[in-house]
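Here's a quick tour for anyone opening this one up for the first time. Have a look around before reading on.

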Amino acid sequence: MNSFFARKFVVQGIFIAITIILLMRLFYIQVISDEYILSAENNVIRRLPIYPARGVILDRNENILVQNEPVYDLMVIPREVKPFDTIEFCNLIGIDKKGFDRRFKKARSYSPYKASIFEKQLSVQIYASFQEKLSNFPGFFVQNRTVRRYPDSIAAHFLGYIGEVNQKVIENSKGFYSQGDYHGITGIEKSYEELLRGQRGVQNLMVDALNRPKGNYADGKYDTVAVAGEHMISSLDKDLQKLGEQLMKNKIGSIVAIEPSTGEILSFVSSPGYDPNLMVGRQRGNNYMALLNDTYKPMFVRPIQAEYPPGSIFKVVNALVAQQFGLINENTYFFCPGGYRYGRQGFMGCTHVHGSIGLKGSITESCNTYYGYTYARMIDQAGMRPVNAYKKWRAAVSAFGIGTALGIDLPGERNGLLPTSDFYTKRFKNDRWGSAFTISLSIGQGELGITPLQMANVMAIVANRGFFYKPHLIKAIGDENVIKEEFLKKNSAGIDPAYFDVIIDGMSAVVNQPSGTAWYSRIPEIEMCGKTGTVQNPHGKDHSVFVAFAPRENPKIAIAVVVENAGFGATWSAPIASLMVEKYINKKISRPKAYMDRLIDANLLPGSAKVIRKQDSDSTRNKTVLTEARVKSNE
Amino acid sequence: MNNQRSLFFNVDWFIILTYLTLCIIGWFNIHAAVYDPMNPSIIDLDTNYGKQLIFIISAFIIGFAILLFDNKFFNTFSPVFYGITILLLILVLIIGRNVGGNQAWIPIGSFRLQPSEFAKFATCLLLARYLSSGTIKVQEFRTQITAAFIILLPTALILLQPDAGSALTFSSLILVLYREGLSGYFLVIEGLSIVLFVLTVLYNKYVVLVGVIALAATLIYFYRKSRKSLTIIGSGFLFSVLFIFSVDFAYNKILKPHQKNRIDVILGKVNDPRGIGYNLNQSKIAIGSGGLWGKGYLQGTQTKYDFVPEQSTDFIFCTVGEEWGFAGCFLVISLYLFLLIRIVNIAERQRSSFARIYGYGVASILFFHVFINIGMTIGLIPVIGIPLPFLSYGGSSLWSFTILLFILLKFDSNRMGII
């Protein structure tokens, strides 16, 4: 013992104080804070997504339109990379030293410990030669994944394409998508995304500090398996689609073919198109930009996004509506002196002097005068104010699916244009206007916009004599062949079946009578009923339109063909449609090769981008011209 | 006096039991730390836990051998031990093996000797001998200088390796001097230095300076009547100002970048979990994820999968924290506290001041290791590589702590005898 004995308590006090500090800190990080528990799980558990195979899309005969093909992504874990022969490596995967450094830097800045993609989608050949020498390149490995592959390179607009999800999609998906996932961006891929994508699985793997797998977490208790996407049977006929795309080569326009008895779309051609395989693989970005900047806008889905004044084919609709209203019948004759006079000075020319002409003849010979009178009866002599008569007329036309989107199972469908009475009241600044003011509607010109799909649908209505099914692309989903309810619903066009006979007679004569406008496009042994049309194009040469259905009895196909800047409907659209119809019904084409070659070889693309732009500026001026002035020619 | 010859009766069994318990806890945790679930095995002498078993057994043998030495042996030969240690410390600088940046090891066959570990008890012994000799008074400046020389010579040699962690250990011996009469102001100065150091590194030195001036002014105002207090406050103020500037200078000019980084990370100046802070961050995650009761023996994922570096040596406490939770940590820390309190009590019951002073040396060094090591794993202090006594893997450290402790037990078993 000595005088400083009491200092023992100071020393022991220090020991106790420090112990308490240690224990308090431990209590905080172990018991109170849960930050460290989460960090520990992040450290050790890797949630590996197991990607499901995306649903395959088939044509109506169960031929494959799009399937999945394995690709090989070259992955790298920068920390595990040891010195190796960079030159050999670069030669193998076809990059230069600079490209190598850039990629490696990117991977390392992402994470030195985690695997990241070094090079996307190696080809099978590169993969094979690389795999052999993989052991020379520690830290690199190959991960396989599937991409879309289109064996026939057809139906790009119909199928659509997939692409990596962006930040917005990830946020809106409530955790479904994560960085690097693919989703449908257009076409069927988009509209059926939720069925096609399947269900992603998760494998919870434990890893050590060097990211080496150390077995399943909790014996796989929290793992889930991937569920493949549903396969889809589409309504498309592969061979017909192929022929359609071939025929539309070097032309701008659309072909839409519908099976009238179901509403299934047999062919959906948008031209110019593109090879859907361009939207897959390492060159995707470049291809996409090239397509986007193309003058002829190959990404534009013309069958549902291009709107045209329908031209003479609209006479079919007016003829049916007027009969339904009881204002004309098959025995109604008008006198055609080569044109129709209206208002004080108005004159709508006709192609010929038809003299006295009946309803059937008016369709076959496409008499403008006949429809000028008919339209005047519907608007001015309906026993009500013309404005109200117009409303009634408009409602009847709407029932044909004109003026509103039909609701096809594709994104981006346009409504088209069928003006309301208010539109004209506003334009003429009062509501005392009559047929004379809107007379061009009688022959399908003026303020009308109809998509090729709507045109084909009108033909389906005529073929069915009064009703249609919503046109659609997918006829059966998954193993149980589910079909969407809405596609089974019969929609009435509001026209009595009896009124169709005379119209169909007229349309048959268009094709099958030597004097008909489409006589050149008749098909041996098949009675096709059609109607040609020429759409006035203020931007350049007129558009050629032909609509038809066949055979007359028990129709199998209704079709609309639009070829832009091609002139008369009979010259280009009608023969194309006739080949399509024959191909679909007979599975072969009887016409001589030269007949087809003329169509395939024709280049009807407008001269150059420069010309088009100039005409575009002209057209803005033209739009302000009143309807009366625009009525010019028809067939 | 009857029991004078009955050696084992007089040995303090509480300490031996605590010591053994800690060694066994250490062994189990080393096993868990190197456990490979893909390739489990119980005893394998090639592994760390296999070797540690040999170390524990041999340490125990060394411990009992020490008990058999003559009581006067350690007192008499303390200058020799000290001399040998100093020679070894010089030798290691010349022929030592460089492991992890530190030239601290002398390879002997397949083992590696770490002289800095043995410097601890040698220094304690010589310090005890010097301070216990007849006329010495710690209050005298001459004594303070000599004592400081005894402590700082091995410290300086260890710093040259450079092994800052082990060198810092010797600073704990100030507690011994304090017990023997060193003014309490030295403790206060040490505490003040630490606070000023942290503040100066964290904030601009002028901000800290303004704070010190404000504090001094306040104190002077309240103690303006007492001349003595004013002198103390004045010299404290002067010290603080000088200290701030020297820390600022040392921190910015003398410290190596990696040392600066370590300080920065612990003080939260930089946040870099993948870089320099990796050890600390992973260590905190391992301990923090243990919860109240831990994940269970061999169930720790962070330590098992090597997220924590040095996990069987300096970071062995992570395994305790992760697998045994707060409960396990509480037990281990309580055992250490019990050991420390007990050692101080034993020191105080010695008749000879040599034994008492040595006892305080043992307590100080053990305390410093425990506090710094555990504090480091839970982010209270910078990462300083020193082992956790009795738990950490390693022969040199286990043997050195065992020798340190058993020499005291030897003295204690003879406390009734004539000096």
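## Aromatic rings

Two rings of Phe, Tyr or Trp (for Trp, its six-membered ring) count as a pair if their centres lie within 6.5 Å. By that rule, this predicted model has 65 aromatic pairs over all chains.

## Lysines over rings

Chain A has a couple of lysines sitting over ring faces. A:K490 lies over the face of A:F467, 4.3 Å from the ring centre. Then there's A:K587, which lies over the face of A:Y584, at 4.7 Å from the ring centre.

## Two helices that cross

Packed helices come in pairs you can describe with the angle between their axes and the distance between the axes. Take helix 13 (residues 314-324) and helix 16 (residues 386-398) of chain A: their axes come within 10 Å and cross at roughly 115°. The crossing is right-handed.

Which residues make the contact? From helix 13 of chain A come A:F314, A:V317, A:N318 and A:V321, while helix 16 of chain A brings A:W393, A:A396 and A:V397. Sorted by type, that's six nonpolar, one polar and no charged.

## How confident is the prediction?

Chain B has a mean pLDDT of 83, with 88% of its residues at 70 or more.

Conventions. Residues are numbered from 1 along each chain as its sequence is written. Chains are lettered from A and ligands numbered from 1 in the order in which they are written. This is a predicted model: local features need pLDDT of at least 70, side-chain atom pairs count only at pLDDT 80 or more; totals for chains, interfaces and linings use all residues. Side-chain values use heavy atoms; hydrogens and water are left out. Axes are lines fitted to C-alpha atoms, for helices over the stretch in contact, and angles run from 0 to 180 degrees between N-to-C directions. Helices (H or I, at least four residues) and strands (E, at least two) are DSSP runs, numbered from the N terminus. A crossing is left-handed if the near helix is turned anticlockwise from the far one by less than a right angle, and right-handed if clockwise. Contact means heavy atoms within 4.5 Å. Ala, Val, Leu, Ile, Met, Phe, Trp, Tyr, Cys and Pro count as nonpolar, Asp, Glu, Lys and Arg as charged, and the others, Gly among them, as polar. Rings of Phe, Tyr and Trp (its six-membered ring) pair if their centres lie within 6.5 Å; planes under 30 degrees apart count as stacked, over 60 as edge-to-face and the rest as tilted. A charge sits over a ring if NZ of Lys or CZ of Arg is within 6 Å of the ring centre and within 35 degrees of the ring normal. pLDDT is the predictor's confidence in each residue, from 0 to 100.
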